[in-house]
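These are my notebook entries on one structure.

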Amino acid sequence: MKGQKKVYTQLAVLTKAPHIGTVKTRLTPALSHWQALQFHRWSLSEVIERLCPAVLNKSPLLFSTHQHEFWRTLSLDYPPLIQCEGNLGIKMKHALLMSFNLSTQVVSPRDAVMLLGTDAPTLSAEWLKDGFDYLTAQSEPAIVIGPAEDGGYYSIGCNRACLPFIDELFVNEIKWGTSEVFLKSKEIALSLVTYLKILPIGCDVDHPEDLVRARLS
């Protein structure tokens, strides 16, 4: 519509933590480091080359792990289930803020960014499109969360109007790798905003049994 401000939408793709031929993931106990690295590369390719163009019709923003100080200094001695006191949330917040900062056009409160992990190669593009449609329809603060079958979430995002309120969503005491991740994130989101959309439940590939589903998709 003439005179209507165009909104900016972006996916920030969060990679795992490759480090000297290894990948830090919950799959590592079931796979060799080499196998985990190969799976990571395949999954990354699926997300970047298949899923993201279908959602955005343009190249996505890729945040590699070396672009955040915490991941450059992460010791591989940490067990895969422990990401060290909420630093994963700090990385996610960093990627979200950097994505909004990339907009070169006149900013709008309806601009939106969604975070997507590379462990979601089988995700439906239509779900992410629905999430963006919801976020960009709101001029008030809005949040979208896509729950995963394992109790976490495969995506989370917000519109620009929500940025002053997101700290608690990403910097908190939620323990990753547990069934409480989605429920507690939803609880926090509901305390922060009026507009919250929950996408359909999807599968992210975090456990050995998920590999079969990924191969058959």
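**Entry 1: cysteines**

How many disulfides does a search of the whole structure find? I found zero disulfides, a disulfide being a pair of cysteine sulfur atoms within 2.5 Å. In general terms, a disulfide is a covalent bond between the sulfur atoms of two cysteines.

I then looked at C162, whose sulfur has its closest cysteine sulfur in C158, at 4.6 Å, which is too far for a bond. C162 is buried at 0% relative accessible area, and C52 is likewise buried, with 0% relative accessibility. Here buried means under 20% relative accessible area, exposed over 50%, and partly exposed in between (1.4 Å probe, protein chains only).

**Entry 2: basis of the model and confidence**

I note that this is a predicted model, in which local features need pLDDT of at least 70 and side-chain atom pairs count only at pLDDT 80 or more, while totals for chains, interfaces and linings use all residues. Residues are numbered from 1 along each chain as its sequence is written, and side-chain values use heavy atoms, with hydrogens and water left out.

I read off a mean pLDDT of 79 for the chain, with 74% of its residues at 70 or more; pLDDT is the predictor's confidence in each residue, from 0 to 100. Which elements have the lowest and the highest mean pLDDT? Strand β2 (residues 17-19) has the lowest, 55, and strand β8 (residues 195-198) the highest, 98. Over residues 80-84 pLDDT stays under 50, and for this stretch the model has 15 contacts beyond four places in sequence. Contact means heavy atoms within 4.5 Å. Where pLDDT is low, the predicted coordinates should not be read in detail.

**Entry 3: the chain as a whole**

I counted seven helices and eight strands; these are DSSP runs numbered from the N terminus, helices being H or I of at least four residues and strands E of at least two. Of the 217 residues in the chain, 51% are buried. Among contacts between residues at least 6 apart in sequence, 72% join residues at least 24 apart. The accessible surface comes to about 10800 Å², and 54% of it belongs to carbon and sulfur atoms; the areas come from the Shrake-Rupley method with a 1.4 Å probe, and for residues only the protein chains shown count as cover.

**Entry 4: nonpolar cores**

I looked up the nonpolar cores, each a set of buried Ala, Val, Leu, Ile, Met, Phe, Trp, Tyr and Cys residues joined through side-chain atoms within 4.5 Å. The largest has 26 residues, and those with the most contacts inside it include M92, L115, I143 and F170. Elements that each supply at least two residues of this core include β1 (9-14), β5 (112-117), β6 (142-147), β7 (153-159) and α6 (180-192). Helix α3 gives the largest share, five residues. Another core lies apart from it, with 21 residues, among them V55, L116, Y134 and Y154.

A189 lies in helix α6 and is buried, at 0% relative accessible area. A189 and V144 are 45 residues apart in sequence, yet 9.0 Å apart in space, C-alpha to C-alpha.

**Entry 5: strand pairing**

Why is β5 largely enclosed by the rest of the structure? Six of the six residues of β5 are buried, and therefore I call the strand largely enclosed. Both faces are covered, with A112, M114 and L116 buried on one side and V113, L115 and G117 buried on the other.

I then traced its partners, taking two strands as paired if DSSP finds at least two bridges between them. β1 and β5 run parallel and are joined by six bridges, with A12 opposite L115. β5 and β7 pair in the antiparallel sense over five bridges; L116 stands opposite S155, and A112 opposite N159.

Strand β7 has seven of its seven residues buried, so it too is largely enclosed. Five bridges join β7 to β6 in an antiparallel arrangement, where V144 stands opposite G157. The hairpin of β6 and β7 has five residues between the strands, and in it G151 takes a positive phi near 100°.
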